[in-house]
Structure formats: structure tokens, C-alpha cells
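This report goes through one protein chain, from its overall make-up to a few single residues. Please keep the sequence and the model at hand while reading.

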Amino acid sequence: MCGSIGTRIRKYLDERRNHRTRLVTKDGRCNIEYGNIKYSKHFAFLADFWTTLVEARWRFVFFNFTATHTLTWFIFGLLWYWIVRNNGDLTWQNPSPDHTPCVWGVAGLTTAYLYSLETQTTIGYGVRALTPHCPGAVALVTIQTVLGAIINCFMCGVIMAKISLPKKRAKTISFSPMAVISPRNNYLCLSIRVANLRKSLMIGSQIYGKLLRTTTTQDGETIIMDQVNIDFMVDAGKDNLFFICPLTLHHIIDKSSPFFEVAVDTLLNQDFELVVFLDGTAETTSASCQVRTSYIPREIMWGYSFLPIISRSRDDKYRVDFSNFSKVVPVATAHCAYCFHNIKGHHHHSREGQDNPGFEVIEITESQDATKM
């Protein structure tokens with residue numbers, strides 16, 4: 001019992017430590033904060049108020065929506081109260097029986113607020129109504145109606161913009177939780193897998209990566225976040241991918257690759273983060289979006305390969321089995337990239353793969369859970 005609790009605590013601490021050291025989390029969020037920004041710079045967010053509102057959290061959007069409408073109802077309610085008071089329509093003013101009010105049914109502050117609400121929302125219960133005997137009241141109802149329409153359009157636009165944000169479409173793009181290193185087509189490759197969970201295409205999709213690491217220049221300068229380009233490709237190339245089914249992306253580890261000096265026994269001692277980007281345009285909405293994820297050394301498995309995921313069914317349809325999306329099998333792999341390219345026979349270190357702490361090979365079982373295309 002105590003051992004189980006201790007294991008859970010260590011696992012939780014490891015996850016917290018990995019979360020802190022990541023620049024990009026597994027779900028694509030950037031783990032970065034800004035400090036010492038001049039107070040005057042905050043006015044730039046107010047100048048670009050549309051983007052500020054769209055990027056605000058939902059609770060702030062709902063608060064702004066409620067507060068904006070309630071405040072305008074109350075302000076115009078005060079103006080209606082002022083008009084009927086000047087006209088002597090209030091109950092405590094004891095209007096004469098033949099008195100003609102500016103607004104029927106408004107005899108106090110509460111009824112003035114209700115009339116303001118009914119006017120701006122175009123409810124019109126029929127209890128309170130405007131008369132044509134007060135020009136100021138006619139002007140005020142015109143102003144409130146126009147302003148209320150503008151507020152409704154603006155706030156509804158903010159809500160619709162938040163609902164249709166491209167990042168929501170990015171939720172249906174999934175990367176494999178780990179990357180693998182194994183030989184493929186006479187090359188040593190680092191491979192990841194990505195899937196589009198919707199049948200609608202991502203048009204003009206492009207995949208690329210950035211390797212983030214801390215380096216020291218010849219002048220002794222330490223660069224905390226040095227970025228190195230990582231090229232990925234599939235069998236058909238690396239540009240304008242036909243992203244209709246899950247793809248396995250490959251980065252060739254050759255002499256120009258930053259992974260060339262990495263070996264199976266030094267991988268976990270490395271300090272880097274591989275950030276992978278997918279840019280594309282949603283076919284349905286024509287909105288551009290970017291999907292991100294990252295891999296740290298403990299999430300790269302040396303000597304494994306992904307299981308096949310696409311097959312053809314008996315009724316001549318392509319079958320995508322998502323149960324195999326993240327499953328891997330061990331394959332014979334060279335000890336390092338240098339061995340693979342320079343030593344005959346590649347010096348296969350193992351035919352069972354190299355386990356990486358934090359992941360385990362899942363037993364393969366028959367599954368009927370699949371998507372037909």
C-alpha cells in the first residue's frame with residue numbers, strides 16, 4: 001500500500017517537473033510568462049479591444065455580456081425616469097386626471113428600468129408604451145434602439161468568433177504521445193504519427209519541427225532557447241500533404257541532423273525539446289490553424305516502430321484502425337546514428353528494442369473499433 005502511494009507521488013512529481021521544463025505542453029499550450037512589461041503598454045490591449053475580448057476566457061465574456069446589457073438598461077432607465085419626472089408623470093407628483101404622460105405605465109424608477117429593458121430587447125409586453133407628445137422621449141427611444149442593436153451585434157460577434165476559433169478545430173488533430181527511432185528505407189529515422197479525427201480535410205497542410213536546446217557559443221554566450229530546424233517528410237514529400245488519413249512523419253537522422261550525435265545510452269541524458277507544428281486550412285471554414293505538440297528525451301523510444309494503421313476491408317473500403325494509433329513494436333536498430341551509417345551491419349544493439357522509462361509496449365489484441373473511409 002505504502003509502495004503504491006510512493007510510486008504515485010513520484011509519478012506526480014515527475015509529471016510536474018516535465019510540465020515546468022516544457023516550452024510547449026503536449027496539448028500545444030505555450031508554457032511561458034512575460035514580466036516587467038511597462039504599464040503604458042497595457043493600453044495597447046485596450047486599443048485592440050476586439051482581439052482582447054475574443055482571446056478572453058469564457059467566464060469574462062459572459063460577465064462582459066451580462067454587465068454591458070444590464071448597465072445600458074439601467075442608464076437608459078435613469079434617462080426615462082428623468083423624462084417622465086420632468087413631465088410630471090410619477091405617482092408621487094399627483095398628475096391630474098386629464099394629464100398626458102410621455103410613457104404610459106412608467107410611474108417610478110423600477111417601471112422606468114423595466115421600460116428600458118423592454119425597449120432595448122424589443123419585448124413589448126403592452127403594459128408600458130411611448131406616447132408621441134414628448135419629442136425628447138421619441139429621440140431617446142430611437143437612440144436606445146440603435147445602440148442596443150449595435151451592442152447585440154458586437155457581443156454576439158464576440159461569442160461566435162470564440163466558438164469558431166481555429167484552435168477548436170485543432171482539438172481534432174492528434175499526435176502520437178511518443179516518438180520512435182528505427183531504420184526505414186535504409187535510413188535511420190525519428191518518426192511520429194499524426195491523425196485528423198474529422199473526415200473533412202486540412203488543406204495545404206505542412207509539417208515542420210523546431211529543436212529547442214541550451215547551447216554555448218564559442219564566445220562563451222549561453223543561449224537558453226536555441227532553435228534548430230527539423231524537417232519532417234512522408235512518402236509523398238513534406239509539402240501539401242494529403243491529410244485524409246493518419247500519417248507517419250519521418251525525420252532522417254543523417255550527418256546534418258542534430259540527432260546524429262545521440263546514441264541509445266545517451267538519449268535520456270540529453271536536454272532538448274522537440275516541438276512539432278502542423279499548419280493548415282480547415283476545408284469547412286477556410287480558417288487557418290496551427291497544431292503543436294512537443295517531445296522530450298524520455299518520450300522518444302529507441303528501437304521501436306509504429307504498427308500499421310491502414311488496411312483494406314472485404315467490401316473494398318479503406319479501414320483506419322485507431323486502436324493501433326500509438327502502439328509500437330520493437331525492431332532491430334543500430335546503437336547510434338554513427339554506427340548505422342559507418343559500421344557494416346549497423347551493430348544492432350538489440351532485436352527487442354530499447355525501453356524508455358515512462359512508456360510500455362501495449363499488448364496487441366484484435367479490436368473492431370475502427371473508422372471506415
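## The chain as a whole

The model is predicted. The chain has eight helices and 18 strands. Of its 373 residues, 38% count as buried. Among contacts between residues at least 6 apart in sequence, 66% join residues at least 24 apart.

## The largest pocket

The largest pocket has a volume of about 1,200 Å³. Its lining is made up of 32 residues, and Gly28, Arg29, Lys167, Lys171 and Arg292 lie nearest the centre. By class, 14 of the lining residues are nonpolar, eight are polar and ten are charged.

Several elements take part. At least two lining residues come from each of helix H3 (49–55), helix H7 (166–170), strand E3 (173–175) and strand E10 (288–295). E10 gives the most to the lining, with five residues. The pocket lies between domain 1 (43–164) and domain 2 (168–342), because both domains give residues to its lining.

## Nonpolar cores

The largest nonpolar core has 39 residues, and those with the most contacts inside it are Leu190, Ile192, Phe232, Phe259 and Leu274. Strand E9 (residues 272–282) supplies the largest share of this core, five residues. Another core, of 14 residues, lies apart from it; Val84, Leu90, Val103 and Val141 are among its members.

Leaving out residues up to four places away in sequence, Phe259 touches Leu190, Leu211, Ile230, His251, Ile253, Phe272 and Leu274.

Val61 is found in helix H4 (residues 58–86). Its relative accessible area is 2%, so Val61 counts as buried. Not counting residues up to four places away in sequence, Val61 touches Leu53, Ala56, Met155, Val158, Ile159 and Lys162.

Gln144 sits in helix H6 (residues 135–163). With a relative accessible area of 0%, Gln144 is buried too. Setting aside residues up to four places away in sequence, Gln144 touches Phe76, Trp80, Ser116, Thr119 and Gln120.

## Residues in loops

Leu201 belongs to the loop between strand E5 (187–196) and strand E6 (202–216). Apart from neighbours within four places in sequence, Leu201 is in contact with Arg169, Asn196, Phe242, Phe243, Ile244, Thr281, Ala282 and Glu283. Leu201 and Phe243 are 42 residues apart in sequence, and 6.2 Å separates their C-alpha atoms.

Asn185 lies in the loop between strand E4 (179–184) and E5, and Asn186 is also placed in the loop between E4 and E5. Most residues other than glycine have a negative phi.

| Residue | Relative accessible area | Class |
|---|---|---|
| Val61 | 2% | buried |
| Gln144 | 0% | buried |
| Asn185 | 53% | exposed |
| Asn186 | 73% | exposed |

Terms used
Residues numbered from 1 in each chain as written. Predicted model: local features only at pLDDT ≥ 70, side-chain atom pairs only at ≥ 80, totals over all residues. Heavy atoms only, no water. 1 Å grid on protein atoms, 1.4 Å probe; cavity = no way out; pocket = protein on both sides within 12 Å on 5 of 7 lines; lining within 4 Å. Points joined across faces, edges and corners; volume = space filled by probe spheres on them. Helix = DSSP H or I, 4+ residues; strand = E, 2+ residues; numbered from the N terminus. Nonpolar A, V, L, I, M, F, W, Y, C, P; charged D, E, K, R; others polar. Domains from an automatic or database assignment. Buried < 20%, exposed > 50% of the residue type's maximum accessible area, 1.4 Å probe, protein only. Contact = heavy atoms within 4.5 Å. Core = buried A, V, L, I, M, F, W, Y, C linked by side-chain atoms within 4.5 Å.
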